[in-house]
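Please look through the structure below.

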Amino acid sequence: MNAPGNDLLLLSGKVVTILLQAAMAVGALALAIAVPALIFFEDAVLEGVRAGSPMPLGEIPMLPLIGLLGIMFMILAALFVFFGKLRAIIDTVSAGDPFVPVNAERLSAMAWLLLASQLLTWPLVALALVIAEWAQELDDVDLRLEGDAFDITGILMVLVLFILARVFRHGAAMREDLEGTV
């Protein structure tokens with residue numbers, strides 16, 4: 001068995017979580033710039049979009065677009081925190097001490113963050129449908145949204161994380177009991 005500090009799986013997990021956190025940060029930063037720009041400079045943005053479009057755009061649904069981008073920002077922010085907590089758990093595993101109470105808290109927080117992200121996809125899809133309806137009215141545009149906002153895999157992952165949080169909480173308590181008897 002590999003020493004915790006030399007485990008290729010843990011190292012890979014840490015690298016992936018760092019890359020995913022960076023991707024979430026870049027996306028959230030872009031949205032943090034785009035949303036206020038759409039709100040405060042709506043006329044200039046619309047003028048630029050219309051000038052660059054080869055077809056008439058009609059009335060762009062700005063409120064649903066801003067709402068959609070705002071929800072995307074919230075999801076990316078939640079996932080940024082999610083991957084940070086996962087990286088912290090990987091660090092404790094690498095250090096050889098995963099069954100600590102803080103990891104149970106991290107897993108529980110990760111479950112709540114993932115649940116929030118799953119629930120936020122419902123209004124996200126609803127707003128995307130409004131924008132898709134607008135796009136369908138444009139000439140030469142064929143935009144289709146398939147599927148729905150319900151993701152059984154995401155819901156199962158939330159359940160697994162809550163169960164793992166309980167397992168870690170119980171493991172940490174058993175460890176404390178064992179240390180108290182020695």
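A residue is called buried under 20% relative accessible area, exposed over 50% and partly exposed in between, with a 1.4 Å probe and protein chains only as cover. E59 has 66% relative accessibility, so this residue counts as exposed. The model is predicted: local features need pLDDT of at least 70, side-chain atom pairs count only at pLDDT 80 or more, and totals for chains, interfaces and linings use all residues. Residues are numbered from 1 along each chain as its sequence is written, and side-chain values use heavy atoms, with hydrogens and water left out.

E59 sits in the loop that runs between α2 (42-52) and α3 (62-94); helices here are DSSP runs of H or I with at least four residues, numbered from the N terminus. Together with E42, D43 and E47, E59 makes up a negative surface patch. Patch residues have over 30% relative accessible area and no salt bridge, and like charges are joined within 9 Å. A salt bridge would be a side-chain nitrogen of Lys or Arg within 4 Å of a carboxyl oxygen of Asp or Glu.

Aromatic rings pair if their centres lie within 6.5 Å; planes under 30 degrees apart are stacked, over 60 edge-to-face and the rest tilted. There are three such pairs. In one of them, F82 and F83 are 5.3 Å apart centre to centre with 90° between the planes, an edge-to-face pair. F82 is buried at 8%, and F83 is buried at 13%.

W112 and F162 are also edge-to-face, because their centres are 5.1 Å apart and their planes at 80°. W112 belongs to helix α4 (residues 101-136) and F162 to helix α5 (residues 152-181), so the pair ties together parts 50 residues apart in sequence. W112 is exposed, at 52%, whereas F162 is partly exposed, at 27%.

Notes: Patch = residues over 30% accessible without salt bridge, like charges linked within 9 Å, V, L, I, M, F, W, Y side chains within 5 Å. Areas by Shrake-Rupley, 256 points an atom, 1.4 Å probe, with all protein chains shown as cover. Lys, Arg positive; Asp, Glu negative; His and termini not counted. Charge placed at Lys NZ, Arg CZ, Asp CG, Glu CD. Helix = DSSP H or I, 4+ residues; strand = E, 2+ residues; numbered from the N terminus. Phe/Tyr/Trp six-rings, centres within 6.5 Å; stacked < 30°, edge-to-face > 60°.
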